Structure formats: structure tokens, C-alpha cells
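Please look over the chain below before reading on. The briefing that follows starts with contacts along the chain and then turns to individual residues.

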Amino acid sequence: QVQLVESGGGLVQAGGSLRLSCAVSGRTYSSYAMAWFRQAPKKEREFLASTTWSGGSTLYADSVKGRFTISGDNAWNMVYLQMNSLKSEDTAVYYCAEAQYSDSYLQSPWDAKRYGSWGQGTQVTVSS
């Protein structure tokens, strides 16, 4: 079973930056996709960004496009989310997730149901 552990969250003022990290261990898929989601209390999970194992297909939600960047090391054992120009509405618990890649994945990479493994989350709080 793959393990995902997020870190790097904290308190930051509006306009500031944070870089979240997701450490991946025990991966068993040869073809996979990684993504970042966030969820505020009593709100739905919100898709932020995704990438395939090759890094050849990335997708960003409109709400974060141009501000957030997903990246990783060569083996994607560390996955990052660089967050710039943070706003108060970015306050949420941030999760990384892994999905088994298939031909149908690119139809809806924003669908949380595609992801079988999730981290425990890290809190990001943006103050005005």
C-alpha cells in the first residue's frame, strides 16, 4: 500500500508563498498520476492540480492557474505544490493523492473518485 505524507503547511499572510511537499513510499503502480486537492471544513474536496507519471500531462484548476505549480523529483517520490500569491480563500486542508493511470484517466483527472491513495493532509491558513 502506497504511503503519502504531506508537510509544509502553516500560517501565512495574504500575498505570501508556501511550498507543500508529499513524500511517497511503497508505490506499486508502474503507470500513475499524482494530484493535489484541498478541503475546507464542511466543504467539498476541490481539485487543484494533477500530473501523470511522465509529467507530460498537467492540469490546473482555474482558481489556482498561474499561482500554483505542481512538480516532483525524477522518480516522483517527492511531489511539490508551490503556492504563490496566496489569498484568504486558499485556507483549507491540502491533500496529495495517487491514481492508477489508465486510458480513461485524462477524461476527468479532477475527479477525486479516481484516486485510491490519499495523504493525511496539511493545514494551510492564509490571514488577511
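Residues 24 or more positions apart account for 60% of the contacts in the protein with a separation of 6 or more, where contact means heavy atoms within 4.5 Å. This is a predicted model, in which local features need pLDDT of at least 70 and side-chain atom pairs count only at pLDDT 80 or more, while totals for chains, interfaces and linings use all residues. Residues are numbered from 1 along each chain as its sequence is written, and side-chain values use heavy atoms, with hydrogens and water left out.

**Overall build**

- The protein has eleven strands and zero helices, and its pattern along the sequence is β-β-β-β-β-β-β-β-β-β-β; these elements are DSSP runs numbered from the N terminus, with helices (H or I) of at least four residues and strands (E) of at least two.
- The radius of gyration of the protein is 14 Å, which agrees with the value near 14 Å for a compact globule of 128 residues; this radius is taken over C-alpha atoms, and the globule rule is 2.2 Å times the number of residues to the power 0.38.
- Along the principal axes of the protein, the C-alpha trace spans about 45 × 30 × 25 Å.

**Surface and charge**

- Of the 128 residues of the protein, 44% count as buried, a word that stands for under 20% relative accessible area, whereas exposed stands for over 50% and partly exposed for values in between (1.4 Å probe, protein chains only).
- The accessible surface of the protein comes to about 6600 Å², and 46% of this surface belongs to carbon and sulfur atoms; such areas come from the Shrake-Rupley method with a 1.4 Å probe, and for residues only the protein chains shown count as cover.
- The protein has 11 positive and 10 negative charges, and their mean positions are 4 Å apart; Lys and Arg count as positive and Asp and Glu as negative, while His and the chain ends are not counted.
- The place of a charge is taken as NZ of Lys, CZ of Arg, CG of Asp or CD of Glu.

- Ser-117 belongs to strand β10, which covers residues 117-118, and Ser-117 counts as buried because its relative accessibility is 7%.
- The side chain of Ser-117 makes a polar contact with the side chain of Gln-1 at 3.3 Å; a polar contact is a pair of N or O atoms within 3.5 Å, and within protein one must be able to donate a hydrogen and the other to accept it, with residues adjacent in sequence counting only if both atoms are side-chain atoms.
- Not counting residues up to four places away in sequence, Ser-117 touches Gln-1, Val-2, Leu-4, Cys-96, Ala-97 and Glu-98.
- Gly-116 sits in the loop between β9 (92-100) and β10, and Gly-116 counts as exposed at 63% relative accessibility.
- Although Gly-116 and Glu-98 are 18 residues apart along the chain, their C-alpha atoms are separated by 6.3 Å.

**Residues in other loops**

- Lys-42 lies in the loop between β4 (32-39) and β5 (46-52), where Lys-42 is exposed with a relative accessible area of 88%.
- Phi of Lys-42 is near 60 degrees, which is a positive value in a residue other than glycine.
- Trp-76, in the loop between β7 (68-72) and β8 (78-83), also has a phi near 60 degrees, and at 10% relative accessibility Trp-76 counts as buried.
- Tyr-29 is found in the loop between β3 (18-25) and β4, and Tyr-29 is partly exposed, with a relative accessible area of 31%.
- Leaving aside neighbours within four places in sequence, Tyr-29 is in contact with Glu-98, Ala-99 and Gln-100.
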